[in-house]
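Let's take a walk through this structure together.

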Amino acid sequence: MATVHARREPGRYLVLIGLVALAGLMLVPFAIVVLNAVKAPADYAANGPLSLPQEVRIQGIVDFWQRVDFGRKLVNSALIAGSVAVLAVVVSVLNAYALGIGRIKGRLWVLVLFLIANTLPQEALVYPLYYLFKQVDLYDTRLGVVIVFTIVQAAFGTYLLSSTFVAFPREILEAARIDGANKWQVLVRIVVPISRPTLGVLFVFFFIWTWNEFFIPLVLLVSADNQTVPVALGVLQGQRLMDATTTSASALLGIIPAVAFFLIFQRTLTRGLTAGAVK
Amino acid sequence: MSTRLFAALVVALLAVSGCGGSSGDSDPKTLKLWHYEDPDSAMGKAWAAAIAKFEEKHPGVKVAFEEKGFEQIQKTAPMVLNSNEAPDILEYNKGNATTGLLSRQGLLADLSEQVSGRGWDKLMAPNLKTTSQYDERGVMGSGKWFGIPNYAEYVTVYYNKDMFAARGVAVPKTFAEFTAAMDAFVAAGVTPLAVGGGEYPAQQVLYQLALSKADRAWVDRYQRYTGDVDFHDAAWTYGATTFADWVAKKYISPEASGVKAEDMGLSFIQGKFPIMVSGSWWQGRVAAGATGFQWGSFLWPGNKLNAGSSGNQWVVPAGSKNKDLAYDFIDITLSPEIQDVLREAGGIPISPGGTPSTDPAAKALNDDFDTLAKNDGLAYYPDWPAPGYYDVMVSATQKLITGTASPSQVLDELAKPYAENRANIGG
């Protein structure tokens, strides 16, 4: 017993040290952003990006907030990402129910199609979307962006959920049918509650992915009133000069909501990830 | 989350996101204006003053200003201008690949009538007009007017007066004195030139060197496709070999190959280098940041031609519903009052008022520009002639800095994409 312990301990510590070092390394860029966000521009000019700020100055953050009307962008981003996350989960569940549990004919090809749609670069989608949306008056509307990302995210969700639904315990489904449940009742009363942890994970991912989207919102949301947080951060991208302290302030403002959302829902996440592990 | 709550959430989110609606209808009482300058920059300050003056002169008309990102305008301008969401007036980049392209696509209003009617052309040095006029191929230099600049910019030499004084170096008047000054710093173990090889600064040094052996016809051939360009001619060969020579003589550090423009500027502002060759757009930054030493700027010695041009310009979309208001606004930005605001904030106005600036640094910068403009000395920028040429230039100058390619090989590298583009546009 003692020998087993002795052999195990150093290894464990090594792994722990390695993980701490890795976590520290991952946090370095974040730390630099925070450092420069609260630094005065003159301080930055004199001492560069890596020095500690001489005094904490939140004026840069306040200025940026007012300059781009950040509150409005937060509302827009929350609306778009929230709608997309909810709708994409619903669409994914419906699709996956038909594909994974209903096992419709040709489901393999349908899945391949979804996968291809998923791998399409967004640059290829932008021009067709632009022309289409102009025709139906969805150009420069948040609804348009919600529709696009619901489809993009649902394509991935369908693919993922279908494969988990294929492994759904048949006995439960049969038991429900014997009890007289119709297809709709099976979905709402059996499948959705049992796979709720997985759906929670999808919801969180869809929200964060949509929140961070830059290119399509950049092109489709023209007016400042409709723009999202990442597009607002782009305002600071000058042609030749960069305002490092304001850029850091904006980056900090940009990350905080996504991190906050992640922290709020992290229990859902861990539950979803371990759902299959416990019998 | 209960099913009911879930359903309610969906309905609520849809309801709110649906009511976004488009605001395409143009109101005759608003002028929709976009630009992408930082509010603290010279242009940002001048245009804020112009907006105030415009609203004062046009009671009842509101300016709906939206600050855009440079990248957003670059990527989406053709799409936006082709839709109902287009602004009434916007700032846009000058050059064949930007304003030229939009004018060819018919997305911009022809300003020629306004230019002659309001006398805008008389305010500008002939050199500056080049980037305002585009022919039917979208090539600058002749044809109709599509853009009106407010300011100019050029490549100048920023220097650290304290470091010059410590080594007893005077401001060089000739090219020989310039290299002698750099030799003095090398002898003292100081790398004289702050250069950013990872971005635009290095190619501007190369271009300045080539321009010292060039004439106006050479620039026209290269920039406006008026004749054949030989990258192994005297000017280009001199530029590339001298650049390589400067690296060998330690005027430029081999480490400069990966340095970004921002870091170059910062290193100069921190007093780590005595000289920085870069654009006048640094003026405001240097003035605000370089507090620990005296600094100034002088024209690159010995050149008649110098990298520089008009700044970005106002364009009016063809679909603008308030063209007359847009023209009035442009007129106000060109007034001496607004032009002086621009100068005092560190910019170079194209038609300043009569009184010179009281700030010696601003005065020197503007006087040097006047010298260039009067002598027909603006030669634009080396990366203009072909789309994607910027990256070619960056990679080529990096090879000169690291010494991985000979000057002749580097010139071959520059020649190929240039020739391909010329073939494409049928120049």
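Start where the two chains meet: 35 residues of chain A are in contact with 37 residues of chain B. Here, two residues are in contact if their C-beta atoms, placed from the backbone, lie within 7 Å. On the chain A side, helices H2 (41-47), H4 (70-101), H6 (122-135), H7 (142-166) and H11 (215-220) each give two or more residues. H4(A) gives the most, with six residues. Helices are DSSP runs of H or I with at least four residues, strands are runs of E with at least two, and both are numbered from the N terminus. By type, the chain A side divides into 18 nonpolar, 10 polar and seven charged residues. For that sorting, Ala, Val, Leu, Ile, Met, Phe, Trp, Tyr, Cys and Pro count as nonpolar, Asp, Glu, Lys and Arg as charged, and the others, Gly among them, as polar.

A quick word on the ground rules. This is a predicted model, in which local features need pLDDT of at least 70 and side-chain atom pairs count only at pLDDT 80 or more, while totals for chains, interfaces and linings use all residues. Residues are numbered from 1 along each chain as its sequence is written, and chains are lettered from A and ligands numbered from 1 in the order in which they are written.

Staying with chain A, an unreviewed UniProt entry annotates "transmembrane region" over residues 12-35, 74-96, 108-133, 145-168 and 244-265. Such annotations may be inferred rather than shown by experiment, and their positions are given in the numbering used here, with feature names shortened. Look at residues 108-133 of chain A: that stretch is 92% helix and 0% strand, with its end C-alpha atoms 31 Å apart. Residues 145-168 of chain A are 92% helix and 0% strand too, and there the end C-alpha atoms are 33 Å apart.

Now over to chain B, which has 19 helices and 13 strands. Its domain 1 covers 30-150 + 311-354, and its domain 2 covers 153-308 + 379-425, with bounds that come from an automatic or database domain assignment. The centres of these two domains of chain B, taken over C-alpha atoms, are 29 Å apart. Where they touch, domain 1 of chain B supplies 12 residues and domain 2 of chain B supplies 10.
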